Amino acid sequence: MSRARTAPYAPASTPQRRTYGALDLGTNNCRLLIARPSSNGFVIVDAFSRIVRLGEGLAATGRLSDAAMDRAVSALRICADKLRRRHVHICRSVATEACRRAANGAAFVERVQRETGIMIDIIPAEEEARLAVMGCHVLLEEGDGPALIFDIGGGSTELVLVDTRGRLPRTLDWYSAPWGVVSLTEVEPGDVSTLEGRLDIYRRMRARVSDSFAAFAARLPQSAREHLRLLGTSGTVTTLASVHLGLPSYDRSAVDGLIVPADSMRGVSQMLSGMSHAERVELPCIGQERADLVVAGCAILESILDIFPAERLGVADRGIREGILRTLMARDGFE
């Protein structure tokens, strides 16, 4: 087990400059980062994260539910207050798969602006993938040939094949699967009271995701299969890495940039898929909030390892928000 290159977060003594914000409203989480540029990237001055389950029930109804929207608006009010108190120079706020897919996604965005003052862009899957890559690519292992970066979200999973020979990664191919931890959980119900029932659900999840990945997998060039570098950014990979390490509580500094044997991540995934909900709740880095969704994340991760069988998996606790911050700062001349 090893670590990738140092994360680009500057020490707290960096002189203050303009303050930037990045907000990512996903299918499962609402996350905010506020940062200032530094000579070594940027320094985080405030952050917020809350599980809001905005996409809960979306697969069945095609709409965001009132309860889910209320939870999201409550979290966004906290974000708006932080943006005001930190005197943020410029902020970009984005929404992803849940708002893309929901019939009332645009109406919800209008409500958010009315009630919180936050203007949210519903971004396409291709931009979501690009921002995730921009936010975490520095953690890729050194090596030759294309690399695969993936982001397991709540409503979708983005796979991006990148060429890393330049200063910034260049996208060679990408795919957005309509399965994330929320959408996959909701579309594959079953009997969770027995081990046999739980494993049957897991097998069906794996099969559904694998079918979705098949066309992308067929396009992967031979050079990618010979030099397998793999980096994941999402709550799934950070959670599984925490279980792998046996952490008593989540520790970003122990997880972000970690390089884990892929077989170990498969082992954790298969262990969790057989556990009952109550058993998963007892694991310190899963708990009540993630216990019902983590199995879908495991199924997606294993399906990724099937098509891209790297020996090691890089873990990134960073992604879209960091990509937004880097983009905003670059426009103002900060590298």
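Start by selecting P37 and F42: the bridge partner of P37 in β4 is F42. The model on screen is predicted.

**The sheet**

Strand β3 (residues 29-38) is joined to β4 by 10 bridges, and the two run antiparallel. Now show the whole sheet, which is open and has 5 strands in the order β4-β3-β2-β5-β6, with mixed pairing. At its edges are β4 (41-51) and β6; each has a single partner strand, so one side of each lacks a neighbour in the sheet. On average, neighbouring strands of this sheet are turned by 20° against each other, direction ignored.

**Helix α4**

Select residues 105-116. This is α4, a helix of 12 residues that reaches 16 Å from its first C-alpha to its last, close to the 16 Å expected at 1.5 Å a residue. Colour G105, F108, V109, R111, V112 and T116, which are buried in α4. Look down the axis of α4: the buried residues fall within an arc of 160°, so they line one face of the helix. An α-helix has 3.6 residues a turn, so residues three or four places apart point the same way.

What do the buried residues of α4 pack against? Their contacts are with β2 (20-25), α2 (66-85), α3 (97-101) and β6 (120-122). Step just past the end of α4 to G117, which takes a positive phi of about 85°.

**Aromatic pairs**

Searching the whole structure gives 2 aromatic pairs. For one of them, select Y20 and F334: the pair is edge-to-face, at 6.4 Å centre to centre with 85° between the planes. The pair links distant parts of the chain, with Y20 in strand β2 and F334 in the segment after α15 (320-331), 314 residues apart. Are these residues buried or exposed? Y20 counts as buried because its relative accessibility is 0%, whereas F334, with a relative accessible area of 21%, is partly exposed.

Then move to Y175 and F216. Their ring centres are 6.3 Å apart and their planes are at 25°, so the pair is stacked. Y175 lies in strand β9 (residues 170-177) and F216 in helix α7 (residues 195-219), so the pair ties together parts that are 41 residues apart in sequence. End on F216, which counts as buried because its relative accessibility is 0%.

Conventions: Residues numbered from 1 in each chain as written. Predicted model: local features only at pLDDT ≥ 70, side-chain atom pairs only at ≥ 80, totals over all residues. Heavy atoms only, no water. Helix = DSSP H or I, 4+ residues; strand = E, 2+ residues; numbered from the N terminus. Expected span 1.5 Å × (residues − 1). Buried < 20%, exposed > 50% of the residue type's maximum accessible area, 1.4 Å probe, protein only. Arc of directions from axis to C-beta. Contact = heavy atoms within 4.5 Å. Pairing = 2+ DSSP bridges. Axes fitted to C-alpha atoms, helices over the stretch in contact; angles between N-to-C directions. Phe/Tyr/Trp six-rings, centres within 6.5 Å; stacked < 30°, edge-to-face > 60°.
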